[in-house]
Structures are given as structure tokens and as C-alpha cells.
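Dear colleague,

Please find below the structure that I am handing over to you. My notes on it follow directly after.

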Amino acid sequence: MFKKVVFLFVAGIICYACTTVPVTGRSQLSLVSNSEIIPMAAQQYDEVLKKGPISNNKEQTDMVKRVGLKIQTAVEKYMAEKGATSELKGFEWEFNLIDDPQTVNAWCMPGGKVAFYTAIMPICKDEDGVAVVMGHEVAHAIANHGRERMSTGLVQQFGLSTLGAAMGQNPGLTSQIFAQAVGYGSQLGMLSFSRKHESEADRIGLIFMAMAGYDPQEAPKFWERMSAIGGGQKPPEWLSTHPSDNTRINDLNAAMPEALKYYKKN
């Protein structure tokens, strides 16, 4: 009887701590607030920029910032139309290009801090390609995927504990959970969870780029280019934090009719 009461109590707290993802409506665990995670993300972002180096390629840098501002405007418009502007409280948007010819990547921290690496720019090819990546990465922040992953990590390591309590109990482990939550690390037990977030960000990102005036039909083309550089050396999908390129392309095409409705309005 005692175990049943404890189970119901825990289940009740988890349900109370759930929020809804914009666009998809999926319920997610949210034991960490934006007011807690955004300052941590901003500090981490500043440290990344200090290491840099920031690219001196003006054309590419201007493109990243231009696309970022358009995506930001689209996000703010979407959230305003849904009566969810409060969800953006604490966001301080920033878009930077880091000079790294080896790292084919881009990411967005909770709070709207975005970084692109120069190695991804040739694959983006043009402004539409940058918009594909920008929309996807910003979607992670709007969907609060970092916050959700950190909440899950805290539950796994500390039970139903607050972020403040976890920091006091084990600050090193808590910082590690944060790094994993925002994409600086991963563990096999969380890979399926990460793939779900990647697919969700793909769908949301299509809508954001379409609202920003970019053709969402460019998204599958970007992932075809990304697939071409893989050379067949990628791990099986179940061992990857990302969906396979074929899965991703098929899912993007399935979500295209929804995204095109927003594109045609422009």
C-alpha cells in the first residue's frame, strides 16, 4: 500500500511538472525553469566564443546573422499568435559563426544563443540552406529540449530534486548533466530520447523557416547533401543521437504540406 501511495505521489508531481511543446503539443517533463537554465547557457556560450575563433568571413557571418534575425522574427510572431510570448522571457538572441573547418555543426543554446561552424557553410550552400539549419537549431530552444533533457537527467541522478538542490549536492555531476542536456555530451541510455528531439526540431524548424520566407522544400535537399559527405561511414540509427538521413528526409517530406501552408502565406 505504501509503495502504491509513493508511486501515485511521484506520478502526480511529474504530471504537475509537465509542459507542452509549441507546434507539436507533446507533453514534456519540466523540472527546470528557463530562469534557471538560460543563465547557465549564456555563460557556456560566452566561454565557447572566447575560445572561438570567430570567423572573419564577412559574407558568411552576415548571412548567418541575417537568417538568424529572420528566424527570430518568425519565432516571435508565431509565439505571439499562439499567446505564448511569455515562453520567450529571458531570451537574448545572438548569432555567431565560429571559424572551424573541421566541425560540421551548428547549435542553439536555451535562450536563443546560436553558433554555426564554418565547416557546415559549404553544405548549407546558400541562404536557404542556412535557414534549414537555423530553423532546426532554434526549434530545439523553442521546444525546450535542453530543459527537458536536463529535467530527465536530474530525475535519473537525483530523483525528484530541484536544480538548486542538485547543484548543492553534487555541482560537478549537475554541470555534466547540463552539458549533456544542451548537446555537449551523450550517453547510450539517452540516444533514443535525443532522436525524438531531433525529429521534433525538424518539423518545428520547417515551420519557422517557412514563416521567415524560406522555402521549406530546401530542407530535404540539405540533408541529401549532408548524407553525401557521410561516405557510408555513419553508425546504425539505433547507435546515433540523430535519425538516419533517409529517415530524416522521409519525415521532412511527410511534414512538408503543413510547412508549405506557412510559406504560401508570405
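Why does Glu 198 count as buried? Glu 198 counts as buried because its relative accessibility is 11%, and buried means under 20% relative accessible area, exposed over 50%, and partly exposed in between (1.4 Å probe, protein chains only).

Before the remaining findings, some remarks on the basis of these notes. This is a predicted model, in which local features need pLDDT of at least 70 and side-chain atom pairs count only at pLDDT 80 or more, while totals for chains, interfaces and linings use all residues. Residues are numbered from 1 along each chain as its sequence is written, and side-chain values use heavy atoms, with hydrogens and water left out.

Overall picture

The chain contains 11 helices and five strands; these are DSSP runs numbered from the N terminus (helices: H or I, at least four residues; strands: E, at least two). Of its 266 residues, 49% count as buried. Among contacts (heavy atoms within 4.5 Å) in the chain with a separation of 6 or more, 71% come from residues 24 or more positions apart.

The cores

The largest nonpolar core has 58 residues. A nonpolar core is a set of buried Ala, Val, Leu, Ile, Met, Phe, Trp, Tyr and Cys residues joined through side-chain atoms within 4.5 Å. Helix α5 (residues 127-142) gives the most to this core, namely nine residues. Met 134 is among the residues with the most contacts inside the core; leaving aside neighbours within four places in sequence, Met 134 is in contact with Val 64, Val 67, Gly 68, Ile 71, Phe 95, Val 114 and Phe 116. A second, separate core has nine residues, including Trp 107 and Tyr 117.

Helix α5 and its ends

In α5, 15 of the 16 residues are buried, so this helix is largely enclosed by the rest of the structure. Its N-terminal end is capped by Asp 126, a side-chain oxygen of which lies 3.2 Å from the backbone nitrogen of Asp 128. Lys 125, in the loop between α4 (121-124) and α5, has a positive phi of about 75° although it is not a glycine. Lys 125 is exposed, with a relative accessible area of 59%. After α5 comes Asn 144, whose phi is also positive, near 55°. Asn 144 is buried, with a relative accessible area of 7%.

Helix α11 (residues 245-264) has 20 residues and reaches 27 Å from its first C-alpha to its last, close to the 28 Å expected at 1.5 Å a residue; the expected span is 1.5 Å times one less than the number of residues. A kink of about 50° lies at Met 256, shortly before Pro 257; the bend at a residue is the angle between axes fitted to the seven residues ending there and the seven starting there. Arg 248 is one of the buried residues of α11. The side chain of Arg 248 is joined to that of Glu 198 by a polar contact of 2.9 Å, and Glu 198 itself is in helix α9 (residues 191-211). A polar contact is a pair of N or O atoms within 3.5 Å; within protein, one must be able to donate a hydrogen and the other to accept it, and residues adjacent in sequence count only if both atoms are side-chain atoms.

Other points

The peptide bond from Gly 52 to Pro 53 is cis, with omega near -5°.

Yours sincerely
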